[in-house]
Amino acid sequence: MTTLATGTGVRKGTRTEVTQAVVDRRLKVFNGVCVGVLIAFALIWLVPVLWAIDTSLKPNAETTSTTWWIDHPTLDSYRTLLAQGDIWNWYASSFITSLATAAGTVLVGSMAAYALSRMRFRYRWVVFWFILIGIMIPQQALIVPQFREFGALHLLNTYWAVILPQIPAAIAVFIFKQFFDNLPRDLDEAARVDGAGFFRTYWRIVLPLSRPVVAAVAIFTFVWSWNNLLWPLLVLSNPKLMTIPVGLATVQGSYGIRYADTMASAVLGALPLVLIFLFFQRRIVEGIAGTGLKG
Amino acid sequence: MTITADYETVEDRPVRPVDPDTTRVTEHGHARPAWLMMTPFLALYLLFIIGPSIYMMVMSFFDTSLTRPGLGGFAGFGNFAEALGSSDFWSSMWHTVWFTILTTPPLVVLAFVFALLADRASRGRWFFRLAFFLPYILPSAVVALIWLWLYTPQLGLLSKIVTGLGLTEPNWLGDPSLAMWSLAFTTVWWTLGFNFVLYLAGLQDIPRDLYEAAAMDGAAPWQQIRRITIPMLRRTTSLVIVLQIIASLKLFDQPYLMTSGGPNYATRPALEYVYDMGFTDFRTGYAAAVSTLFFILVLAVSAVWVFLTRRQEQGF
Amino acid sequence: MTGPMSRRTLMKGVFAGLGAASLAACSSPVGAGIAGTPIDPGTVDYWNLFGGGDGVRMQQMEDAYRKANPGTPLQAVTLAWGNPYYTKLTLATVGRKPPNVAVSHLTRMKTLQAADLLEELKPADLARHGMSAEMFNQRAWNAGLVGGKAYAIPIDTHPFVLFYNTKICGQAGLLDAAGNLAPIAGPDAFTEALAKVQKVTGQFGATHGINGDTATPWRLFQTLYSQLGGEVLGDEGTRVVLDDAKATQVLSFLRTLTVEKKLMPGSIDYQGAIALFANGAAGFHLNGEWEISTFQTAKMPFGMTLVPNVYGGTYAVQADSHTLVVPKGGAAASGQLDRSLGFIKSMLDQSMTWAQGGHIPAWLPVAQSDAFKKLTPQSNYAAAADSAVYDPPGWYSGSGSDFENIMGSAIGAVEAGQLAPDAAIAQIRTKLSALASTASPV
């Protein structure tokens, strides 16, 4: 991207060429220092993750020496964990619940948003404010009544208990509505004139046009759902049904000094999302920037 | 004649004589499909958000037990009176607020500074994004495992660094007066990336010619930041602050995973107090009352956020 | 625009992913997560909370069970100790997916039972697996009965004991001819013994955890207070019956040992107290018997014995028991109860392995065996099982509970010199009264 230096070259006449060169050089030095400082901080930020990976590649007995150097690099910790098998169940639980939550949130939220954005009906503003309240409700404060509710529904210890309460995310409705409001209406109104129903128009015209926002909401819902701890911790009690965060937080692995195993489990727990992040990095960042999350 | 005159300014609507957006609130034939399309959301929303909210407030007036069916005996305002008179309740509320005070300033200021610096890099932005945003997508349980290892007395990397500098190693998580600071430190590392990206996006929205004009007036980089960047980012900043406060108030994972609320309850936040009362002590009714109080606190802060966002949007 | 195409691909991907995942594991966790079906019928799901040396021994016992019962798979899960464990066990049972067998402290099992979370273990079912009431240590067995019915099988008693350094105590002239600690009776004799040891060590007579450790001060207080015949709670925890005179007597005595005579450090944490004893800065250490592994590993000369009968009444010592319980619904499947009881019996049969970790077996065929009687120093304090005093019943009481925290923090503050005995008693009374007057949530 352009730097602040671009503006300075255009200016003529007010100062001599020599001063100009000095200013340019100063700016270059200033930018260089800025970038240098930032690189230092970025490296510091990476240290914990690198240290975890480093530790996970040592034999357990050598982890207490606290050096970056690995005398006997080994994948034993990973082998042990993958062979134990718990982590595969946790992956499955995390993938199923997060995927279903993301799909449900996108579908249900965008449909409601379409109705609010394009359709004129009585009590529209009532519905609008009613959903707006939802943005302000902290779900974490609802664990007590929700737990009772799912107990009464006999859905504790099922994926449904994790998925269902996460789907009605009011924030998703508003992100979709904001996006739909800014879409030109000509296309879908043309479709309506051609005799397509509202749902058809939404499914065939509006949703395909909304790919960036669909992707952003889907990815973020997926990440948040994947990382959710408190609620799944309450409703998933069977170690085989636990999601990655709940499993890591609840089940004690082995005994004694097992820092390499612990770090390997941390790395394995983080791996799927890190891969998704590396794959969708630009999407995720543009998602935050462009979906109204910033306002 | 008069009608056409009215619509002279609206160029795109030759077919429809009336603009539904501005003139009429309702339109024939919209109601049924609209409600149908909203039904899935509204049903789930009523069942799992609004319903439980009301249920919680009702339950807070009863001595409900986790293991017994039904609401139990009526308690009146007894649960609220007990909570407001309990030092455990107030200290857990204070821990939540104290954590918010500790984390919000660094998370806002550092994110702003890092974004500002990154904005000056002509290449390699992906690297900064990776470095700062990567921790944000780690599950809290992974963050806790990594930092528990870093904070381990004697063996941890941090104690190695501190003792290497010739200082005595603090008991990061074991010292009641230090534990919350350690949790805050970890949290800054963990969640800074989100604010960083928000600021980065905000910076890109600032028109470049503003800087060019300022540079022409001889403004040094520092002055440009003070006179242009900070004022132009005021809206982003207010949103980052409010979002950050809301996120920090919901503190649960870090103390639950790293200190179990200890040592001696010194880091137990409001949500963990709810968890302990409702699910460990089985006192669901009392926990509902505490949740209600916490609910009101977060609701009030969130209302500020909604007010900030709404103000910008037209239509309603 | 490739919109519709890629949307379809995306949706296909989602459904294909869900479908493949559910197909890949039909009667497995995924099936259970979606349809709520039971996971792995025919196995024994067993939850415990053992770490450290106990964890290693429990794993040996589990492996032995697997070897002996190849037809019955065993799924053993270790969860984080203390309140998180009991919370998870409660939530699993309330959520109708409990383990088949779980460990519970005897003092916590009462609350679980009151909450209707445990299956009754009927004499006929137990008899089928060769277990009956008279085969257990009577103190532990009777403490676990509710209304005459059994809900928990005790596997051990773990009392508060006195560790002593044989070398230091020998120099202080406290050992008998056989090299064991000579009996100590009465507060003055106890004080004198500590003083003699202090002369040898130059630092302290005895240590026990105080800072950040509410359990140990409570265990010591409860031991001495019970020797005076005192009780703290009455009527299932609804009344505070603390005897001020007796409590003051005990607290003043402890205060004398720490604050006035400095025979015990008044400000030391659990690990520090162990370290001071292990490196010879103190000749006595007061703790639960499970620390035996720590001192054996340290290869130091030490013995273990009963905490002295300081007040000379009926001998009493604070203790708790690990029990095995069958959570409600954990025996719903046909044949499951028998599989679970078979597992429990196998654990009892391996009580000798368990005893090596310091625990006194509750299973009399082992506790009364010659092999156990020859096991030292365990046999020196085995009598404690018959004088065990459990935490008083009450929904907020038991190992690691609110009750222990309230008691322990006040007692610890007296030992640290931060609180006078009468102020501590006032603090205990206020805090316990608040809990006692709260209607039991179970």
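Buried area is the accessible area (1.4 Å probe) that two parts lose on being put together, summed over both. I begin with this term because the size of an interface is often given as the accessible area lost when the parts come together. This is a predicted model, in which local features need pLDDT of at least 70 and side-chain atom pairs count only at pLDDT 80 or more, while totals for chains, interfaces and linings use all residues. I also note that residues are numbered from 1 along each chain as its sequence is written, that chains are lettered from A and ligands numbered from 1 in the order in which they are written, and that side-chain values use heavy atoms, with hydrogens and water left out.

**Entry: chain C and chain A**

I looked up the area buried between chain C and chain A, and it is about 3,000 Å², with 66% of it from carbon and sulfur atoms. In contact here (heavy atoms within 4.5 Å) are 36 residues of chain C and 32 residues of chain A. I found six residue pairs in polar contact across this interface, both residues at pLDDT 80 or more; such a contact is a pair of N or O atoms within 3.5 Å, where within protein one must be able to donate a hydrogen and the other to accept it, and residues adjacent in sequence count only if both atoms are side-chain atoms. On the side of chain C that touches chain A, α1(C) gives the most, with seven residues.

**Entry: chain B and chain A**

I then turned to chain B, where 115 residues are in contact with 121 residues of chain A. The area buried between these chains is about 10,800 Å², and carbon and sulfur atoms give 77% of it. The count of salt bridges (a side-chain nitrogen of Lys or Arg within 4 Å of a carboxyl oxygen of Asp or Glu) across this interface is zero, whereas 13 residue pairs are in polar contact, both at pLDDT 80 or more. I note that helix α2 (residues 31-59) of chain B gives the most to the side that touches chain A, with 21 residues.

**Entry: the two domains of chain B**

Chain B is divided into domain 1 (2-59) and domain 2 (87-312), with bounds that come from an automatic or database domain assignment. I found four residues of domain 1 of chain B in contact with six residues of domain 2 of chain B. The two domains bury about 430 Å² between them, 82% of it on carbon and sulfur atoms. In domain 1 of chain B, M56(B), M57(B) and M59(B) lose the most area to domain 2 of chain B, together 91% of what that side buries.

Terms used. Helix = DSSP H or I, 4+ residues; strand = E, 2+ residues; numbered from the N terminus.
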